Amino acid sequence: MQTMKDILNRMLNHEELTREETKDILIGITKSEFPNEQITALLTALQMRGITVDELLGFRDGILETGVPVPLDCDRYIDVVGTGGDRKNTFNISTTSCFVIAGAGYKVAKHGNYAATSTSGASNVIANHGVTFTDDIDKLNRCINECGIVYLHAQLFANAMKFVGPIRKALQFPTCFNLLGPIVNPSKPQCQLLGVANLDQMRLYNNVYQKIGIDYGIVNSIDGYDEISLTGDFKVTTNNYERIFKPSDLGFGITKPEELRAGADEKEAKEIFDNLLANTALPAQKNVVLANAAFGIQVLEKGKKDIEECVEIARESIDSGRALATFKKFVELNS
């Protein structure tokens, strides 16, 4: 293997690294083979140049290889996740959408973590209901089989992340590791709905998903939300199509940004989440969850159902109480 000095010299010459090389680097980081200064230089150089698809996939390969695998005995399931970092501080849209999808009878393996830039991340809102996170494979399988959804708290699985945590914190700008969260679900789902904050990220992940070979949907609200916000037009790219939608295409009105805010603290974020599943939330909040859940359902259905039908499947999950019942069962199994 090349030394890190060789790698850094190549980076200074604007050369690209191979998938195998970045995988080896990641594994080397977990073995403490490189001083922090060299890792800092590498991450800075990649951020300035922009990471390639193969470089990102190599880091993904390394994280999955050095992490804890989660073999789920279930054929087809989805993860719904955002890249984060859009600085919009929205309520837990992806997490709520996951329980709506599971309430509709589909399988979900949600991968998440504590909040980085918002009031409440997926792990915050779930932990605030008394849930204990686990990496026990038998318990995880029981959960997805009995209530249709399992939650994978990232810190229990991606061992490599703790080696770069202090460096990422010290750098105080996003690095390629911010892009890895959505693609290192340790159960390797066959379906994913991903929200991105800009169209550059949409192009990057579109190429990543094509190489991984899964069914996917990537969504971006044109005004900068990393999910379908219904505050204006939004773009969706899937295995089957690329299209810009208006909220009215799904039968929804325009949402005001303040209707999407998570609130001042975790307690307020939890209340919004609870109200959504209990069908007592603001209509605009419910519509946003329905829109995101609907595109997740469409990915699971391999694009064979039109989006209007998928919206109605999601709506039935909330209106019938099945989304709430799914969440209650989930809490019961994980407390």
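Glu-21 sits in helix α2, which covers residues 19-30; helices here are DSSP runs of H or I of at least four residues, strands are runs of E of at least two, and both are numbered from the N terminus. The model is predicted, so that local features need pLDDT of at least 70 and side-chain atom pairs count only at pLDDT 80 or more, while totals for chains, interfaces and linings use all residues. Residues are numbered from 1 along each chain as its sequence is written, and side-chain values use heavy atoms, with hydrogens and water left out.

**Surroundings of Glu-21**

- Glu-21 counts as buried because its relative accessibility is 18%, buried meaning under 20% relative accessible area with a 1.4 Å probe and protein chains only.
- Once neighbours within four places in sequence are set aside, Glu-21 is in contact with Gln-2 and Arg-10, where contact means heavy atoms within 4.5 Å.

**Cavities**

- The structure holds two cavities of 30 Å³ or more, a cavity being a set of points, on a 1 Å grid over the protein atoms alone, where a 1.4 Å probe fits but cannot get out, and its lining residues having an atom within 4 Å of a point.
- The largest cavity holds about 50 Å³ of space, a volume being the space filled by probe spheres set on grid points that are joined across faces, edges and corners.
- Helix α7 (137-147), strand β3 (149-153) and helix α14 (322-334) each supply at least two residues of the lining of the largest cavity, and that lining includes Phe-133, Cys-143, Tyr-151 and Phe-330.
- The second largest cavity has about 40 Å³ of space, and among its lining residues are Val-80, Ser-94, Asp-226 and Glu-227.
- Strand β4 gives the most to the lining of the second largest cavity, with three residues.

**Nonpolar cores**

- The largest nonpolar core has 70 residues, and those with the most contacts inside it are Ile-78, Ile-101, Leu-250, Phe-295 and Phe-330; such a core is a set of buried Ala, Val, Leu, Ile, Met, Phe, Trp, Tyr and Cys residues joined through side-chain atoms within 4.5 Å.
- Helix α12 (residues 283-300) gives the most to this core, with ten residues.
- Apart from this core lies another, of 43 residues, including Leu-43, Leu-46, Ile-183 and Ile-214.

Key: Buried < 20%, exposed > 50% of the residue type's maximum accessible area, 1.4 Å probe, protein only. 1 Å grid on protein atoms, 1.4 Å probe; cavity = no way out; pocket = protein on both sides within 12 Å on 5 of 7 lines; lining within 4 Å.
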